[in-house]
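User: Could you help me learn to read a model like this one? I would like to go feature by feature.

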Amino acid sequence: MPELPEVETVRISLEPLILGARILELRELTAGVLYNWTGQPEAASGRTVTGLRRRGKYLLLDLGPDLLLIAHLRMTGQFKYEAQPPVWQKHDHIVISLEKPGTGKVWLVFHDTRRFGRIWLLRPDQTCQIAGLASLGPEPLDPQLDSETLRLRLSRHSRTNLKAALLSQTVIAGLGNIYVDESLFLSGINPQRLAGSLSPGEAAHLLSCMQKILQAAVNARGTSVKDYVDALNVRGSFQYQLQVYGRSGQPCTQCGTPLAKTRLAGRTTVYCPHCQPI
Ligand SMILES: [Zn+2]
């Protein structure tokens, strides 16, 4: 599932290609993927892409000051940029044709094999109706974020383990199974610890490790362990830097102890019992 670094990579890959482009047509090939809350079927037509932003795992396209296209890729959602007229493939659900001055006509295809991905077309005042977006915690890479904020937000989940609290999106935005496990390993903190049990020093260390991991993953253009690719079909390379995710039973890169596996918040969780003691 694309997490913060993958969605940010999609955003970075799309920005030079479609910023300033005018939407000619937004076409639904499959019903039930697009949620158009504007009441106008052709709301996107004629609109110019004035901004590409990311919030947590959501990708936000500004279509002028009063319209937004918001996407959540969920498990397998993918935007494919095409400079040639695309031939529809199975699992292509939405096709947006655009015209950019100097480039001519281009296409953005939303492809999703599992079909859990969602796209919304809405006004800025309607974004609060997307519950997952409205309840997001702060951005981990925001330089304004301080570790005391993280500690206090974690302490509101005092009876939850750290893994579940960090996955919830409401404590902090954008981390999924890969980057929670990697951040906790780098910080030496056990994922089974209670979310409210971190000392100020531990919270500061965790935030700093989380930021290092996420920034390194953005720099590596994300992690491609299964099918993640960016808008130009380019795979990420952070999978070569993973220390614990997908490595249960293999020796810890720091101490050689076999990495342990447990299930927390319904997700496989890998950690080093020696480097991350309870
Ligand atoms: Zn270890």
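Analyst: Let's begin with burial: a residue is buried if 20 or more other C-beta atoms lie within 10 Å of its own, exposed if 12 or fewer, and partly exposed in between, with C-beta atoms placed from the backbone. This is a predicted model, where local features need pLDDT of at least 70, side-chain atom pairs count only at pLDDT 80 or more, and totals for chains, interfaces and linings use all residues. Residues are numbered from 1 along each chain as its sequence is written.

User: Is Arg74 buried or partly exposed?

Analyst: Arg74 is partly exposed, because 15 other C-beta atoms lie within 10 Å. Arg74 sits in the loop between strand E5 (68-72) and strand E6 (77-82); helices (H or I, at least four residues) and strands (E, at least two) are DSSP runs, numbered from the N terminus. Though not a glycine, Arg74 has a positive phi of about 50°.

User: Which residues are buried in H1?

Analyst: Among them are Leu4, Val7, Val10, Leu14 and Ile18. Just after H1, Gly20 has a positive phi of about 90°.

User: And how do I read a sheet?

Analyst: Strands of a sheet pair through backbone hydrogen bonds, either parallel or antiparallel. Two strands count as paired if DSSP finds at least two bridges between them. Here, 5 strands form an open sheet in the order E2-E9-E5-E4-E3, with mixed pairing. Strand E2 (34-36) and strand E3 (51-55) are at the edges, each with a single partner strand, so one side of each lacks a neighbour in the sheet. E3 pairs with strand E4 (residues 58-62) in the antiparallel sense over 5 bridges, and Leu61 in E4 is the bridge partner of Leu52.
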